[in-house]
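Hello,

Here is the structure I promised to pass on to you. Please have a look through it first, and then read on for my notes on what turned up.

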Amino acid sequence: VVVSPMCQYSSEDGGPTDYHLVHLGQFAMGGAGIVFCEETSVEARGRKSYHCAGIYQDAHIPGYRRINDFLRGNGAIPAIQIGHGGRKGSGCAPWEGYRPLTAEDTKHGHAPWQTVSASELPASEQAPAPHALDRGEIRGVVAHWREAALRSLDAGYDIIEVHAAHGYLI
């Protein structure tokens, strides 16, 4: 039994919380063989919302390691899906309609950020245009993917999957 990665929108500053320990831990305790955490961003601007998971700072590693040690201790193999929301970032959670962040959200501490993509084509008619990456910037994003993969190994993941669907950046 494999538990698929599903976004939880419960991270703080990109890092996991006790919610993640309980949520993922229940699957290991229930006998799942592989437990994926949610899609986890390789850089802060690659998150889809402020509450999306990330592994773009070394400070995230201990929280993920704690969860992975628990999963492994209960017989499951820890797995992570890494990704980059690209032009689909700077938005709200699904229960807020995935809408793009606005100046109104800034009043509540959730200012919109500049998204990036291969072109300036927006994700929807309502979404702002992303910044089109140049070759040097693409190399920088590739470096973020590498760093996230290395952090994932340091955090104790045995499986790393690349998220390459839904129009995300890769």
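**Notes on the cavity, the pockets and a helix pair**

The lining of the largest cavity splits by class into six nonpolar, three polar and one charged residues. Please keep in mind throughout that this is a predicted model.

Let me stay with that cavity for a moment. Searching the whole structure turns up one cavity of 30 Å³ or more, and the space in the largest cavity comes to about 50 Å³. Its lining is made by His20, Leu24, Cys37, Glu38, Thr40, Ala53, Tyr64, Ile67, Asn68 and Tyr157.

How do their axes run? The axes of α1 and α2 come within 9 Å and cross at roughly 15°. Since angles under 35 degrees count as roughly parallel, α1 is therefore roughly parallel to α2. The crossing in which α1 passes α2 is right-handed.

As for the residues at this contact, α1 brings Asp18, His20, Leu21, Leu24, Gly25, Ala28 and Met29, which meet Arg66, Ile67, Phe70 and Leu71 of α2. Sorted by class, the contact of α1 with α2 has seven nonpolar, two polar and two charged residues.

Now for the pockets. The largest pocket has a volume of about 470 Å³. There are 23 residues in its lining, and those nearest its centre are Tyr9, Lys48, Lys88, Tyr98 and Tyr168. By class, the lining of the largest pocket has eleven nonpolar, eight polar and four charged residues.

The second largest pocket holds about 180 Å³ of space. Here 13 residues form the lining, with His51, Cys92, Ala93, Glu96 and His110 nearest the centre. The lining of this second largest pocket divides into six nonpolar, five polar and two charged residues.

Where is Arg87 found? Arg87 sits in the loop between β3 (77-83) and α3 (103-106). Setting aside neighbours within four places in sequence, Arg87 is in contact with Thr115, Val116, Ser117, Leu121, Pro122, Ala123, Pro130 and Gly167. Between Arg87 and Gln8 there are 79 residues in sequence and 20 Å in space, taken from C-alpha to C-alpha.

Methods
Residues are numbered from 1 along each chain as its sequence is written. This is a predicted model: local features need pLDDT of at least 70, side-chain atom pairs count only at pLDDT 80 or more; totals for chains, interfaces and linings use all residues. Side-chain values use heavy atoms; hydrogens and water are left out. On a 1 Å grid over the protein atoms alone, a cavity is a set of points where a 1.4 Å probe fits but cannot get out, and a pocket is an open set with protein on both sides within 12 Å along at least five of seven lines; lining residues have an atom within 4 Å of a point. Grid points are joined across faces, edges and corners, and a volume is the space filled by probe spheres set on the points. Ala, Val, Leu, Ile, Met, Phe, Trp, Tyr, Cys and Pro count as nonpolar, Asp, Glu, Lys and Arg as charged, and the others, Gly among them, as polar. Axes are lines fitted to C-alpha atoms, for helices over the stretch in contact, and angles run from 0 to 180 degrees between N-to-C directions. Helices (H or I, at least four residues) and strands (E, at least two) are DSSP runs, numbered from the N terminus. Angles under 35 degrees count as roughly parallel, over 145 as roughly antiparallel, 65 to 115 as roughly perpendicular and the rest as oblique. A crossing is left-handed if the near helix is turned anticlockwise from the far one by less than a right angle, and right-handed if clockwise. Contact means heavy atoms within 4.5 Å.
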